Amino acid sequence: MSLPPLVEPAADLSIEEVRRYSRHLIIPDVGMDGQKRLKNAKVLAVGAGGLGSPVLMYLAAAGVGTLGIVEFDTVDESNLQRQIIHGQSDVGRSKAESARDSIKEINPLIDVRLHETRLDSDNVLDIFGEYDLIVDGTDNFATRYLVNDACVLLGKPYVWGSIYRFDGQVSVFWNEHGPNYRDLYPVPPPPGMVPSCAEGGVLGVLCATVGAIQATEAVKLITGIGETLLGRLMVYDALEMTFRTIKVRKDPEGEPITGLIDYEAFCGVVSVEAQEAAAGSTITVDELKDMMDAGKDFELIDVREPNEYEIVSIPGAKLIPKDEILSGRALAQLPQDKPIVLHCKTGVRSAEALAAVKNAGFRDAVHVQGGVTAWATRIDKALPTY
């Protein structure tokens with residue numbers, strides 16, 4: 001959908017800016033007017049991770065005058081496979097500060113504003129209110145719905161992107177001119193149905209493709225050129241190397257968004273059944289180690305996927321993937337004569353498996369808080385994390 005330019009042009013470009021952006025200026029559709037609009041634009045990136053990295057780097061190079069970054073995390077070694085705005089020397093640093101330094105190296109003319117906080121219902125409207133356009137690169141449903149609802153309430157457009165393994169999706173949402181995220185996904189998927197990138201993985205270079213498309217949409221919105229993805233969902237399959245677009249329309253029966261809600265509860269990060277099962281049936285990795293040292297007889301079950309098990313495992317754990325337990329196919333493999341201890345990577349999947357195991361009659365089963373990640377960081381630091 002064609003839209004008018006999002007921002008007014010700046011008064012002028014300096015000689016340095018003309019030299020820097022000359023390849024934009026000689027494109028008739030961009031020209032001096034478009035570049036002045038980029039200079040005057042204020043864009044906020046939610047996240048400086050896999051998608052935020054290419055978005056921030058290309059918008060900085062393009063000359064977007066003000067770039068904001070919402071990011072509270074620190075750089076981890078596992079980030080470097082895809083989050084190209086960070087480097088080896090940044091491990092352990094604030095992601096926001098690392099991203100700012102990379103942006104300044106790309107383009108020192110850019111004003112970079114950091115919001116080193118977790119985005120929530122209390123601060124989102126104040127933070128978003130400072131910007132013309134939001135680019136969402138988050139990887140969890142609670143924040144996606146929060147971003148959408150805040151943009152609807154503020155009347156702001158935003159560019160949304162999503163990645164998982166080899167697949168990517170991109171769209172533009174602007175409730176005043178077309179659909180919003182809830183028109184595409186009215187309700188979140190059930191807890192545990194859609195794994196995060198931390199659980200399911202993502203091809204690193206996929207981030208570059210999807211993030212570059214997000215940055216392209218941002219430039220088009222700011223300058224008013226071309227046809228945006230408003231009203232369309234672009235789906236990318238990296239293995240097949242195919243792009244397709246799906247029309248997205250406003251839901252005439254959709255509930256109006258009148259305020260912000262409890263998004264963690266709305267998305268149900270962990271199902272009610274899993275929460276109830278885990279209550280009073282959760283042990284720490286220290287308690288698990290004490291059980292091992294005491295020679296207690298129990299069955300330790302790893303409910304992750306086989307490829308995760310190959311990366312790292314707790315000694316003595318037997319692999320039975322969660323889906324095998326939830327479907328009931330693996331229940332016959334569980335011992336009747338000894339306690340069962342379940343674990344996964346961080347404790348979410350094992351809680352879901354625990355609910356199924358308890359429902360099957362294994363009332364004494366427990367699961368391990370923090371999973372193999374906690375084991376590797378607290379008990380056996382020689383083991384890798386992922």
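Which residues lie nearest the centre of the second largest pocket? Select Arg182, Gly254, Glu255, Pro256 and Ile257; they belong to a lining of 18 residues. A word on what's on screen: this is a predicted model, where local features need pLDDT of at least 70 and side-chain atom pairs pLDDT 80 or more, while totals for chains, interfaces and linings use all residues. Residues are numbered from 1 along each chain as its sequence is written, and side-chain values use heavy atoms, without hydrogens and water.

Stay with that pocket (an open set of points on a 1 Å grid over the protein atoms alone, where a 1.4 Å probe fits, with protein on both sides within 12 Å along at least five of seven lines; lining residues have an atom within 4 Å of a point). The second largest pocket holds about 330 Å³ of space. Now colour α7 (141-154) and α8 (181-184), the elements giving two or more residues to its lining; helices here are DSSP runs of H or I, at least four residues, and strands are E runs of at least two.

Next, jump to the loop between β5 (158-164) and β6 (167-173), where you'll find Arg165. Its phi is near 55°, a positive value in a residue other than glycine. Arg165 is partly exposed at 37% relative accessibility (the band between buried, under 20%, and exposed, over 50%, with a 1.4 Å probe and protein chains only).

Last stop: Met241, in the loop between β7 (232-237) and β8 (242-247). Phi of Met241 is near 55°, positive in a residue other than glycine. Met241 is exposed, with a relative accessible area of 54%.

Methods: Points joined across faces, edges and corners; volume = space filled by probe spheres on them.
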